[in-house]
Amino acid sequence: NADLTRLARHGADAFGYKANLRIDRKLAQLLRLRVSQINNCTYCLNLHYEAARDAGVARPVIDTLTAWWETDFHDDAARAALAYTEAITRVADATAADHFGERHEALAEHFSPEEILEIIGIVINMNVWTRLKLAEGAIPRLAEGQAVAPG
């Protein structure tokens, strides 16, 4: 477990939400959050919803990310990056990963080779972290005095 955590930490240093990257910080955070959503990692969702807000992503953009393609909040570059993120994350799902080459070509229309490598690094790193946190059984905790919304 220590070796895996060390590997994940190295990925976080290079591609995590505190890393200095070429691509737009808000977009990078949306990609991290989208991976967290797809992989149903509550720990990561809690962390990256907050990180997206801290990065200045507008609340409607965050709140509709699970159906980003139904909104007009994203330009063509962001749409290409989100579609690519979903294809990498759902690679075992033939439908989601279908036309992977086309998704890569769409990404290349908007991003440099270096930026594409960053996007790949962000997505792979988040996939490592979501799975690691799920394997650890990590769950978000409420701050002291914070109440759960009434059901």
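Helices here are DSSP runs of H or I of at least four residues, and strands are runs of E of at least two, both numbered from the N terminus. The model is predicted, so local features need pLDDT of at least 70 and side-chain atom pairs count only at pLDDT 80 or more, while totals for chains, interfaces and linings use all residues. Residues are numbered from 1 along each chain as its sequence is written, and side-chain values use heavy atoms, with hydrogens and water left out.

On this basis the protein chain has eight helices and zero strands. Of its 151 residues, 42% are buried (under 20% relative accessible area, with exposed meaning over 50% and partly exposed in between; 1.4 Å probe, protein chains only).

Four salt bridges are present in the structure, each defined as a side-chain nitrogen of Lys or Arg within 4 Å of a carboxyl oxygen of Asp or Glu. One of them sits within helix H4 (residues 59-63), where Arg59 and Asp63 are four residues apart, about one turn of the helix; their side chains meet at 3.0 Å, N to O. Arg59 is exposed, at 61% relative accessible area, and Asp63 is partly exposed, at 47%.

Another salt bridge pairs Arg34 with Glu86 at 2.7 Å, N to O. Because Arg34 belongs to helix H2 and Glu86 to helix H5, this pair ties together parts 52 residues apart in sequence. Both Arg34 and Glu86 are buried. Helix H5 (residues 76-89) itself is largely enclosed by the rest of the structure, since twelve of its 14 residues are buried. Asp75 caps the N-terminal end of H5, with a side-chain oxygen 3.2 Å from the backbone nitrogen of Ala77 (a polar contact is a pair of N or O atoms within 3.5 Å; within protein, one must be able to donate a hydrogen and the other to accept it, and residues adjacent in sequence count only if both atoms are side-chain atoms).

What, then, of Arg22? Its side chain forms a salt bridge with that of Glu118 (3.5 Å, N to O). Arg22 lies in the loop between helices H1 (2-15) and H2 (25-38) and Glu118 in helix H8, so the pair links parts 96 residues apart in sequence. Arg22 is exposed, at 56% relative accessible area, whereas Glu118 is buried, at 7%. Glu115, also in helix H8 (residues 113-136), is buried yet has no salt bridge, and Arg22, the nearest side chain of opposite charge, is 6.7 Å away.

Terms used:
Lys, Arg positive; Asp, Glu negative; His and termini not counted.
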